[in-house]
Amino acid sequence: MNRKNTTLGEFIIENQASFQYSSGELSKLINAIRLAAKVVNHEVNKAGLVDIIGEAGDTNIQGEDQQKLDVLANEKFIQTLKNREIVCGIASEEEDDFISVNSNDNQNQNKYVVLIDPLDGSSNIDVNVSVGTIFSIYRRVTPIGTPVQLEDFLQPGRNQIAAGYVVYGTSTMLVYTTGDGVNGFTLNPALGTFYLSHPQMQFPETGRIYSLNEGNYVHFPQGVKNYIKYCQQEEGDRPYTSRYIGSLVSDFHRNMIKGGIYIYPKSSVAAEGKLRLLYECNPMAFIAEQANGKASNGYSSIMDVVPTALHQRVPFFCGSRKMVEKAEEFMAVQE
Ligand code: AHM
Ligand code: MG
């Protein structure tokens, strides 16, 4: 689609026919996410103005403090998806258990489940740094018309029908894939309309940025330590540049545009790293692969991991294909 000024709404309609088994349900679902993203964007933008920043006093099930905007974003996405009656189930990083969505007549005929991290990187809100929403969509595996089950959510990332993120940054962007490349849309805040600004996004094959929390160096596996040393060596196009925002969506987004690798490895203090397979790693992995990038747990593809729990964590290496392959080489030689 080369036409200028294409809105996300138009793009969704024009691309509907290309979805496998297209019935319009997926289009409606992405439209609902678009709407909720605008509402959350509005809230995030005014975070510095009104007294809604700070901690809500709750602790999420990972034992982390929850900030008010996390709670709010969680509510907005869940409410929008429930109200529109377009999914049969929702799982959120902020909820202990999955939610079974019933329609008014109690016979939910919808076939999709949504998994969402409503506001990732929310510790950055207080300091006016970008945060994001990450979502992932699967077709349920249990029969339509029955209540959803855990197995509908515990699917390998390979089964994803769509995935995307919203980055609430200097501009707000919604980036998503339905398995036919990755497209990015920028919000015109004056009009409340997302415009296609980044068609067919692609990770450069390789890059010069490495992003990880080097403060945890002593806890990292030797393979990661060796890879960091490799990034810092003076040879060819190295040393690379270190850039770490601590907000996955923003770090990923920058690396996709400029070329780079994001790593959150396992460590001696966190056996499976920090990031969640279902809400963070799988959707980012699907986007990465669709954009000619790569996502791995250090040894093999993230999207082949068979999940066993809703809030499972997994080590994450994601970005430009050649950089992820190089990091995997180091991991293979030494743990
Ligand atoms: P969150 O889901 O609690 O916001 O945590 C996820 C975030 C990622 O966005 C970010 O990349 C990472 O945690 C940063 O963690 P750390 O502070 O340990 O480097
Ligand atoms: Mg998160």
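Modeller: Let us begin with burial, for which we say that a residue is buried if 20 or more other C-beta atoms lie within 10 Å of its own, and exposed if 12 or fewer do. Please keep in mind throughout that this is a predicted model.

Colleague: With that cut-off in hand, is D117 buried or exposed?

Modeller: D117 has 28 other C-beta atoms within 10 Å, so it counts as buried. Its place in the chain is strand β5, which runs over residues 112-120. Leaving out residues up to four places away in sequence, D117 touches E93, T133, I134, Y279 and E280.

Colleague: Which residues does the UniProt annotation "binding site" cover?

Modeller: That annotation, which comes from an unreviewed entry, covers E93, D117 and L119. These residues span 27 residues in sequence, yet no two of their C-alpha atoms are more than 9.1 Å apart, so they gather at one spot. L119 is also found in strand β5, and L119 is buried, with 30 other C-beta atoms within 10 Å. Once its neighbours within four places in sequence are set aside, L119 is in contact with L69, D70, A73, V131 and T133.

Colleague: How should I read the chain as a whole, and how many helices and strands does the protein chain have?

Modeller: The protein chain has 8 helices and 15 strands. Its radius of gyration is 19 Å, close to the 20 Å that the globule rule gives for 335 residues, so the chain is as compact as a globular protein of that length. Along the principal axes, the C-alpha trace spans about 65 × 45 × 45 Å. Buried residues make up 47% of the 335 residues, and, among contacts with a separation of 6 or more, 66% are between residues 24 or more positions apart.

Colleague: What should I look for when I read a helix?

Modeller: The general idea is that an α-helix has 3.6 residues a turn, so residues three or four places apart point the same way. In helix α1, residues 8-15, the buried residues are L8, F11 and I12. They cover an arc of only 100° around the axis, which puts them on the same side of α1. Among the elements that cover these buried residues are α2, β8, β9 and β10.

Colleague: Which residues are buried in α5?

Modeller: In α5 the buried residues are G223, V224, Y227, I228 and C231. Their arc around the axis is only 140°, which puts them on the same side of α5. On the other side of α5, Q222, K229 and Q232 are exposed. The buried residues of α5 pack against β11, β13 and α8.

Colleague: What does C231 touch?

Modeller: Not counting residues up to four places away in sequence, C231 touches Y210, R238, P239 and Y240. C231 has 20 other C-beta atoms within 10 Å, and is therefore buried.

Colleague: How do I read a nonpolar core?

Modeller: In soluble globular proteins, nonpolar side chains tend to be buried together. Here the largest nonpolar core has 94 residues, of which V87, Y112, V113, V114, M284 and C318 touch the most other members. Domain 1 and domain 2 both give residues to this core, so it lies between them. To take one of those residues, V87 touches L29, L81, V101, N110, Y112, V113 and V114, again not counting residues up to four places away in sequence.

Colleague: Which residues does UniProt list for "domain: Fructose-1-6-bisphosphatase class 1 C-terminal"?

Modeller: For that feature UniProt lists residues 204-331, in an unreviewed entry. This span is 37% helix and 15% strand, and its end C-alpha atoms lie 22 Å apart.

Technical notes
Residues numbered from 1 in each chain as written. Chains lettered and ligands numbered in written order. Predicted model: local features only at pLDDT ≥ 70, side-chain atom pairs only at ≥ 80, totals over all residues. Helix = DSSP H or I, 4+ residues; strand = E, 2+ residues; numbered from the N terminus. Rg over C-alpha atoms; globule rule 2.2 N^0.38 Å. Contact = placed C-beta atoms within 7 Å. Arc of directions from axis to C-beta. UniProt positions renumbered as here; feature names shortened; annotations may be inferred. Core = buried A, V, L, I, M, F, W, Y, C linked by C-beta atoms within 7 Å. Domains from an automatic or database assignment.
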